[in-house]
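Take a look at the model below.

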Amino acid sequence: MIEENLKEIQREMEAACKKSGRSLSDVRLIAVSKTKPAEMVLEAYRAGVRDFGENKVQEILEKAPALPQDIRWHMIGHLQKNKVRQVVGKVVLIHSVDSVSLAEQIEKEAAKQGCEADILLEVNVAEEETKFGFRTGEVEEAARQIAKLPHVHIQGLMTIAPFVENSEENRGVFQKLFDLSVDMKRKNIDNVNMNVLSMGMSGDFMTAIEEGATMIRVGTSIFGARTKMGE
Ligand SMILES: *Cc1c(COP(=O)(O)O)cnc(C)c1O
């Protein structure tokens with residue numbers, strides 16, 4: 001079933017790329033395996049997926065040792081400062097940096113471990129009260145602060161769009177994140193790249209691709225629905 005789902009997603013990714021004149025190789029699928037067992041991760045791996053996203057540090061630590069070592073783990077959920085130590089060096093990208101102080105904690109750990117940490121700034125584009133992330137207007141100042149940290153490298157921006165029935169309702173959100181990344185790129189800040197735009201989930205990844213996503217985070221459409229607890 002997972003293999004079939006992945007094939008369908010691949011077709012949809014191709015269609016969205018074609019529609020927007022983009023190349024499929026510019027969009028990476030992150031399979032969001034939160035709450036799903038390692039066997040299901042392995043099934044997706046056998047179907048060719050190498051990038052997996054989790055929203056809890058504990059789940060990455062539990063699953064990773066039992067799975068192929070060439071899996072690229074992505075931390076996509078809210079990260080508490082006291083969990084930073086466990087995740088630095090174990091993930092290729094932290095998508096969910098939502099404060100300068102969290103970035104400083106990552107710097108401390110990366111320096112201690114002698115590694116580098118690639119991160120994205122999470123932006124609460126829709127300004128939802130319940131969501132984490134910088135407001136659009138805060139991103140530049142935060143990026144300038146974080147850029148000074150020698151072991152932390154901003155690679156782009158991430159957003160979690162609102163839950164909507166019709167993905168068209170999120171097109172404006174994706175456009176805003178894209179525009180922000182273009183603005184930020186023009187500022188040419190040392191140690192700040194804007195090559196990654198992580199946006200789009202099961203319900204709206206085609207729209208996100210049309211608006212410039214370079215990483216889409218898809219869970220339900222690959223692995224099936226989750227129980228409420230894992231949301
Ligand atoms: C769970 C989650 C996803 C995947 O959501 P689906 O709707 O299941 O595709 C994407 N991004 C983040 C940050 C998540 O927590």
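What follows starts at the ligand and then moves out through the chain.

This is a predicted model, in which local features need pLDDT of at least 70, side-chain atom pairs count only at pLDDT 80 or more, and totals for chains, interfaces and linings use all residues. Residues are numbered from 1 along each chain as its sequence is written, and side-chain values use heavy atoms, with hydrogens and water left out.

Begin with the ligand. Which residues are around the ligand? They are Val32, Lys34, Ile76, Ile160, Met201, Ser202, Arg217, Val218, Gly219, Thr220 and Arg226. The shell divides into 5 nonpolar, 3 polar and 3 charged residues. Here Ala, Val, Leu, Ile, Met, Phe, Trp, Tyr, Cys and Pro count as nonpolar, Asp, Glu, Lys and Arg as charged, and the others, Gly among them, as polar.

Now look at the oxygen atoms of the ligand. One oxygen atom is 2.5 Å from an N or O atom in the side chain of Ser202. A ligand oxygen is also 2.8 Å from a polar backbone atom of Gly219. Arg226 takes part through its side chain, where an N or O atom is 2.8 Å from an oxygen atom of the ligand. On its own, the ligand has 390 Å² of accessible area, and the protein covers 90% of that. These areas come from the Shrake-Rupley method with a 1.4 Å probe; for residues, only the protein chains shown count as cover.

Stay with Arg226. It sits in the segment after helix H9 (220-223). Helices (H or I, at least four residues) and strands (E, at least two) are DSSP runs, numbered from the N terminus. Is Arg226 buried or exposed? It is buried, with a relative accessible area of 19%. Buried means under 20% relative accessible area, exposed means over 50%, and partly exposed is in between (1.4 Å probe, protein chains only). Arg226 and Lys34 are 192 residues apart in sequence, and their C-alpha atoms are 8.5 Å apart in space.

Next comes Thr159. Its place is the loop between strand S6 (152-158) and helix H7 (171-186). Thr159 is buried, at a relative accessible area of 1%. Its side chain reaches the backbone oxygen of Val123 at 2.6 Å. Contact means heavy atoms within 4.5 Å. Leaving out residues up to four places away in sequence, Thr159 touches several residues, among them Val125, Leu177, Ser198 and Arg217. Arg217 is also one of the residues around the ligand.

Move on to Glu211. This residue lies in the loop between helix H8 (205-210) and strand S8 (215-218). With a relative accessible area of 16%, Glu211 is buried. A polar contact of 2.7 Å joins its side chain to that of Arg171. A polar contact is a pair of N or O atoms within 3.5 Å; within protein, one must be able to donate a hydrogen and the other to accept it, and residues adjacent in sequence count only if both atoms are side-chain atoms. Beyond four places in sequence, Glu211 touches Arg171, Phe174, Gln175, Phe178 and Met199. The C-alpha atoms of Glu211 and Met199 are 9.4 Å apart.

His74 belongs to strand S3 (residues 72-75). It is buried, at 1% relative accessibility. The side chains of His74 and His95 make a polar contact of 2.9 Å. Other residues that His74 touches include Asp51, Phe52, Glu54 and Met215. From His74 to Ser202 the distance is 17 Å, C-alpha to C-alpha.

Ser99 is in the loop between strand S4 (93-97) and helix H5 (100-113). Its side chain reaches the backbone nitrogen of Leu102 at 3.0 Å. Leaving aside neighbours within four places in sequence, Ser99 is in contact with Phe134 and Ile146.

Thr35 has a phi of about 70°, and Glu127 has one of about 55°. Thr35 lies between strand S1 (28-32) and helix H2 (38-46). Thr35 is partly exposed, at 34%. Glu127 is partly exposed too, at 39% relative accessibility.

Finally, the cysteines. How many disulfides does a search of the whole structure find? It finds 0. A disulfide is a pair of cysteine sulfur atoms within 2.5 Å. Cys17 is buried at 2% relative accessibility, and Cys115 is buried at 17%.

Notes:
A residue is near a molecule or strand if one of its heavy atoms lies within 4 Å of it.
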